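This briefing goes through a multi-chain model topic by topic. Please keep the sequence and the structure at hand while reading.

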Amino acid sequence: MSNNDVTRRGLLKSGALAGAGVALPTIFTASSASAFTNEPTGSTVTLGFNVPQTGPYADEGADELRAYELAVEHLNGGGDGGMMSTFSSKALDGTGILGKKVEYVTGDTQTKSDAARASAKSMIEKDGAVMITGGSSSGVAVAVQALCQEAGVIFMAGLTHSNDTTGKDKRANGFRHFFNSYMSGAALAPVLAANYGTDRKAYHLTADYNWGYTTEEAIRSSTEAMGWETVAAVKTPLTQTDFSSYIAPVLQSGADTLVLNHYGGNMVNSLTNAVQFGLRDKQVNGKDFQIIVPLYSRLMAKGAGANVKGIFGSTNWHWSLQDDGSKAFVKSFGTKYGFPPSQAAHTCYVQTLLYADAVQRAGTFEPCAVVEALEGYEFDGLGNGKTLYRAEDHQCFKDVLVVKGKENPTSEFDLLEIVEVTPVAQVTYPPDHPQFAGGALGTCNNGG
Amino acid sequence: MLGLDKKDAVLLVIVAVLTMFAPFILNPFPEGSAMAQFNAGYPDLMQRFVIFGIFAIGFNILFGLTGYLSFGHAAFLGVGSYAAVWMFKLLSMNVIPAIVLAVIMSGLFALLIGYISLRRSGIYFSILTLAFAQMMFALAYSVLTPITGGETGLQLALDDPRILGQSQTPEGNIPVPGLFGFEMRDSAELVIGSWVFTFNLGYYFCGVILLLAFYLAIRIFRSPFGMMLRAIKSNQQRLNYTGINPKPYTLAAFVISGMYAGLAGALMASMDPLAGAERMFWTASGEVVLMTILGGVGTLIGPVLGAGAIKYMENIISKINSDILHSWFAFLPDGLEDFVVTIVYPFIGKGWHLTLGIIFMLVVIFLPGGLVEGGQRISSWLRNRRARRDDRRSKTEPAE
Amino acid sequence: MGILEVKNVGKRFGGLQALSEVNLSVAENSVHAIIGPNGAGKSTLLNCLVGKLIPDTGSVMFDGQSVLGRSPFEINQMGISRVFQTPEIFGDLTVMENMMIPIFASRDGSFRMHAVESVVSESEVVDYAEQMLEDMNMADKRHMHAAAMSRGDKRRLEIGMCLSQKPRLLLLDEPTAGMARADTNNTIDLLKQIKEDRDITIAIIEHDMHVVFSLAERITVLAQGTPLVEDAPENIKGNPKVREAYLGESA
Amino acid sequence: MDAIILQILNGLDKGSAYALIALGLTLIFGTLGVVNFAHGALFMIGAFCAVTLSRLIGLSHKVEVEGETDFLGNPLTKDVPYIYDWFGEATGAAIVDWAVPLAILFAIPVMILVGVVMERGLIKHFYKRPHADQILVTFGLAIVLQEVIKYFYGANPIPTPAPSAFTGSFDFGVLIGFDANTIIYPYWRLVYFAFAAVIIGAVFAFLQFTTFGMVVRAGMADRETVGLLGINIDKRFTIMFGIAAAVAGLAGVMYVPINPPNYHMGMDFLVLSFVVVVVGGMGSLPGAVLAGFLLGILESFASMREVIDLIPGINQIIIYLVAIIILLTRPRGLMGRKGVMED
């Protein structure tokens with residue numbers, strides 16, 4: 001046996017050529033057929049879209065999938081081309097990637113690292129996917145990223161906000177366009193200081209898992225740096241549905257600001273509960289009580305309904321941005337599906353384009369060449385202004401949006417308004433920043 | 001053969017043949033055809049079939065024989081996975097020490113949890129096991145993050161010591177699990193026409209272990225020990241008054257099935273070196289209960305079939321999307337095509353849970369003995385039909 | 001000194017004094033019946049003998065050893081087998097398996113991890129079980145599920161299972177309760193046969209006087225939780241105290 | 001002190017949700033002997049009754065807004081509920097605002113119907129089957145029900161607020177002599193607690209004081225005897241299933257403003273409610289209620305910062321820890337009867 005990964009599709013093509021019409025079995029090993037895992041040898045290339053289709057993030061996953069389908073359509077020359085026309089790189093020409101028509105397979109991560117890896121593995125082993133992308137939580141992103149490193153395919157992360165994805169769990173074959181906890185803290189702190197003053201006592205409720213920890217750390221250190229005091233930080237179980245017993249003691253603690261380091265269902269419920277308790281009508285230390293949600297998404301804002309009004313948070317992207325790239329994307333997404341895209345959809349669409357572009361520029365699907373093409377790559381026109389894919393940790397550095405729940409929404413999608421576009425310089429950190437310490441990128445893996 | 005009677009030997013041979021030829025059996029459709037979507041003969045899924053088969057066989061030793069319904073069995077799977085990954089991190093990437101440690105660790109956990117939980121029976125026992133597993137899940141996901149990796153799972157890293165192996169490969173990558181120089185992911189392929197069959201070392205490793213596990217289960221089923229376990233399910237009172245102490249028997253069964261779970265966990269980690277806390281969540285425990293009941297409680301082969309059925313749905317049905325549906329029904333006229341796709345769509349892809357729920361209900365309602373009973377019914381129906389045909393023939397013959 | 005010596009046993013359930021100062025001596029190789037009206041405490045006494053209940057006071061000695069505080073399975077291992085009022089057998093197992101379990105129990109003790117050898121390879125147990133089934137006249141039913149048998153057959157199997165352990169004391173709890181006359185007579189004959197064939201002590205709790213007087217060599221009459229008289233059967237019949245206990249105040 | 005009072009309040013409120021769900025589960029188990037894993041789904045369906053009604057009330061037609069455009073540059077449209085056209089804007093807005101309480105009236109018949117259909121169509125055939133079969137078939141049903149809801153309503157939570165009269169919180173602290181803002185509690189949660197108390201009281205009164213209830217209680221104690229008396233106990237049990245479904249459904253309706261409902265809220269409560277039932281003792285109604293409140297209060301205490309600092313992670317495991325301790329010290333839960341579900 002050879003020391004090689006399975007490369008189904010690539011093999012099939014060459015095998016079919018060699019064995020056409022021959023009934024005798026021919027044994028092939030992967031190494032003789034291809035130079036890297038799942039090298040596309042036919043007229044098509046297969047991408048794997050691995051998103052949550054069941055479980056609490058299914059709606060977010062559905063939106064990601066819409067974006068992927070749109071991206072594939074644009075790559076293959078269909079539709080209006082979306083951001084391909086505003087993208088600073090003009091390598092993509094609407095004829096697929098390197099002239100090969102883009103096909104895709106989909107899978108269900110169930111928002112569980114095991115299921116996500118199973119699904120990704122089936123894409124790699126069975127469907128011959130040469131790149132895996134998607135996901136809606138950091139646990140899944142980190143797990144699938146490690147798998148792709150091992151298998152020798154590229155992983156373009158979907159929605160993942162934890163520092164760890166490009167911090168201690170970074171991998172050479174993995175890339176993240178989405179922003180992270182540190183950036184949220186760095187972007188939010190000045191806006192909070194401007195709006196709420198520098199003399200605040202903050203009370204953190206933190207989801208009791210990795211993403212919660214990194215977010216709490218990021219927000220704490222950036223708010224404390226500008227003079228805020230952290231009164232308490234309480235960890236809440238992931239499976240918690242009713243946060244009343246965590247919210248109730250907040251006022252007694254003398255805090256005047258509540259930071260909800262929660263995402264998804266946790267955030268919807270904790271924010272709803274906090275508003276229910278009338279926290280926002282209270283006065284503490286002579287100031288109006290305030291609530292902050294570090295990571296916002298429109299889908300969550302929708303779940304929390306009117307409770308988000310006036311609450312600050314950060315987001316990777318929002319459809320109301322007025323740059324050409326964003327407008328082009330919103331237009332083609334909105335035309336196809338009838339409503340504006342979410343930030344998850346945006347990051348997934350962009351990741352697909354960035355991958356395709358990198359392959360096009362590298363002139364090969366070989367993962368190490370793609371890594372090289374992406375590392376240190378600077379681009380523009382994809383909605384967040386000038387952006388750098390940093391070589392040291394494969395994290396995108398770009399402007400971050402500070403948003404606020406809109407007081408008078410005009411539709412069910414118009415829930416957030418952009419307060420400030422924090423310039424990239426303000427959210428940039430050195431690769432060896434303590435919040436990202438530990439772990440190593442390693443070297444890229446071509447697999448086969 | 002091997003100390004088995006003929007019927008069991010035949011069963012073992014059937015399982016052996018199915019396992020060894022799975023790459024062929026599970027890939028009946030040629031690559032590129034529309035039906036290739038239903039092929040399950042790729043390494044990851046085949047590995048999952050046998051690993052969850054082992055898990056379910058072990059669970060059945062407890063539930064099928066003694067009737068004690070553990071609702072927290074996934075905890076031992078998780079313990080096994082964590083133990084195995086820690087071995088990969090600290091010792092070496094060889095799977096043997098990892099598996100040995102995983103089985104020992106899960107056995108110890110099972111001994112402790114079983115000793116406490118078996119003080120109660122019926123649903124009280126179920127809730128006790130559930131409570132232990134949920135506690136383990138919750139702690140592993142949160143406060144035990146330094147040991148378990150928490151949300152992201154326990155992973156290998158480039159700077160792990162691996163004292164008997166290497167921290168990194170010469171190319172600067174994390175080494176992969178192997179067996180004395182052979183890597184678990186090694187595969188060879190056989191191409192016949194437009195069929196491609198994959199033979200993966202990891203799969204065959206798991207397959208051999210499945211056969212050993214299955215063989216051991218047969219021996220346990222047919223042993224005096226197994227008979228005592230069935231007697232516990234049947235009438236614990238009588239057993240007590242017959243001079244048998246049921247406690248050590250149930251505890252032994254609990255520990256054995258916990259070790260099977262640990263073995264399955266270690267194999268999962270050996271095929272894919274990551275251990276996540278979700279493995280211990282109550283739904284994962286529920287899944288093995290469903291596998292066992294779906295296949296047929298208390299039967300030897302049932303749990304393996306049940307495991308296969310559920311994993312197949314999870315991995316194959318969930319990957320069918322509307323595009324694929326359209327391509328299947330493209331031969332229909334446009335309106336009809338859309339109509340058919342609309343009807344089918346809710347049941348596939350993201351709707352695979354719905355299909356699963358419906359199948360559970362149908363099986364429980366119509367086949368209380370699970371898939372095994374279904375098979376028996378079909379075979380007895382076939383026998384009857386043949387008998388009737390023979391009957392008819394013998395009746396008509398004299399008339400000729 | 002009898003094989004079973006019950007001294008001053010008392011048992012209280014809340015406000016009810018179920019047993020008080022029960023003294024009983026069962027002579028080795030005798031058939032001893034314990035009779036009494038409903039609620040006399042017969043079953044409570046029996047449960048005290050087999051470890052299901054622990055008496056509040058007194059002692060129960062079997063062959064010179066105390067049984068108090070021991071579990072039912074330990075007491076069985078000492079040599080006491082119990083037959084229940086409604087036959088307790090392993091309904092889901094075959095008749096043959098039912099017969100083998102007690103044999104394994106007496107051979108291997110209360111627990112042995114014999115998980116790998118096959119049942120059928122244990123030829124001594126198999127042969128003995130076959131023999132017992134022959135003795136009990138049910139060899140033809142050996143592959144049947146025990147639950148599918150008639151009540152009489154279940155009773156017979158249960159007695160056979162107990163006998164296979166060669167107990168020194170066989171406790172029978174109303175073995176003919178709910179049986180038709182013919183079945184009752186069969187059971188009486190069976191027990192007589194057993195007594196003839198083996199060295200065994202039988203203690204029987206019974207309601208049916210016909211059974212009692214057909215079998216017993218010695219009878220203890222229990223009333224309101226305490227022994228009224230203990231005597232030979234012929235003396236019990238005419239005893240006015242017994243009459244009163246059975247027929248109540250109205251007599 | 002104030003912190004403890006606050007957590008007791010919290011616990012009572014959490015506990016009332018647990019108790020209501022456990023009560024329905026126990027009713028079904030006690031009367032029919034069926035372990036109903038679909039009970040959480042009934043709770044969820046109740047919640048979606050509220051969502052459905054508020055959507056029905058809010059059914060709208062589109063009106064173009066002059067001079068504004070939407071994100072694609074098309075003319076902006078605004079939704080105007082039909083109910084505004086019929087009753088005028090003020091009355092219409094009030095009806096929309098009160099959708100959740102109104103949903104109680106809507107949910108009762110719906111839930112009783114769902115319950116009766118479930119019992120007659122499915123559960124009835126499982127009375128004599130092993131508990132494992134009952135668990136599997138009702139679990140399958142729960143999956144099907146939640147997937148159907150997901151198909152129509154999506155996976156995201158759907159905000160469905162309480163009437164605006166109930167927004168904000170009540171300051172208990174001031175009432176009993178503490179500083180302002182130390183012990184506050186949301187009005188709607190107080191409503192939920194009172195509502196739960198009324199429902200629990202009504203169920204107990206119904207079982208205690210009506211002949212119907214007496215027969216059902218007798219049936220819970222010994223089904224065969226009652227059958228021998230010639231009473232059609234099956235029909236009564238069907239009705240009982242309907243009532244249990246309605247209790248679960250109402251618990252769901254009123255829960256909607258506390259946390260926005262989603263399709264998996266039933267599963268979230270399922271394991272917990274079983275723990276509650278078992279801790280209370282299988283088949284004991286008072287046990288279920290008692291255990292519901294007890295676990296609610298303990299969970300609240302365990303979530304206090306001081307307690308978590310003392311024992312990290314205690315808030316993650318408290319419910320299960322308590323369940324283990326209670327089951328080991330009281331073999332049949334707090335108030336369980338002997339011999340129930342022990343085989």
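Predicted model: local features only at pLDDT ≥ 70, side-chain atom pairs only at ≥ 80, totals over all residues.

Which residue in S3(A) is the bridge partner of A:Thr46? The partner is A:Glu103.

**Strand pair in chain A**
- The bridge between A:Thr46 and A:Glu103 sits in a pairing of strand S2 (residues 44–51) of chain A with S3(A), which runs in the parallel sense over eight bridges.
- Strand S3 (residues 101–108) of chain A is mostly covered, with seven of its eight residues buried.

**Which chains touch**
- Four pairs of chains are in contact, and of these chains A and B share the most contacts.
- Chain A and chain C are joined by no contact, and their closest C-alpha atoms lie 34 Å apart.
- Chain C does not touch chain D either; the nearest C-alpha atoms of these two chains are 14 Å apart.

**Contact between chains B and A**
- This contact takes 50 residues from chain B and 54 residues from chain A.
- On the side of chain B that touches chain A, at least two residues each come from helix H3 (43–66), helix H6 (122–141), strand S3 (182–183), strand S4 (187–192) and strand S5 (195–200) of chain B.
- S4(B) gives the most to that side of chain B, with six residues.
- By class, the side of chain B that touches chain A holds 17 nonpolar, 18 polar and 15 charged residues.

**Contact between chains D and A**
- Here chain D provides 39 residues and chain A provides 40 residues.
- The elements of chain D that each supply at least two residues of the side touching chain A are helix H1 (2–32), strand S4 (184–186), helix H7 (187–209), helix H12 (285–302), helix H13 (305–310) and helix H14 (314–329).
- With seven residues, H1(D) gives the most to this side of chain D.
- The side of chain D that touches chain A divides into 16 nonpolar, 15 polar and eight charged residues.

**Domains of chain C**
- The domain assignment of chain C gives domain 1 (1–79 + 167–251) and domain 2 (93–165).
- The C-alpha centres of these two domains of chain C lie 27 Å apart.
- In the contact between them, 12 residues of domain 1 of chain C meet nine residues of domain 2 of chain C.
- Helix H2 (72–78) and helix H6 (181–197) of chain C are the elements that give two or more residues to the domain 1 side.
- H6(C) makes the largest share of that side, five residues.
- The domain 1 side has seven nonpolar, three polar and two charged residues.

**Annotated spans of chain D**
- An unreviewed UniProt entry annotates "transmembrane region" for residues 16–35, 42–61, 98–123, 190–216, 237–258, 270–298 and 310–328 of chain D.
- Residues 42–61 of chain D are 80% helix and 10% strand, and the end C-alpha atoms of this span are 32 Å apart.
- Residues 237–258 of chain D are 86% helix and 0% strand, with the end C-alpha atoms 32 Å apart.

Note on methods: Residues numbered from 1 in each chain as written. Chains lettered and ligands numbered in written order. Contact = placed C-beta atoms within 7 Å. Helix = DSSP H or I, 4+ residues; strand = E, 2+ residues; numbered from the N terminus. Nonpolar A, V, L, I, M, F, W, Y, C, P; charged D, E, K, R; others polar. Domains from an automatic or database assignment. UniProt positions renumbered as here; feature names shortened; annotations may be inferred. Buried ≥ 20, exposed ≤ 12 C-beta atoms within 10 Å, placed from the backbone. Pairing = 2+ DSSP bridges.
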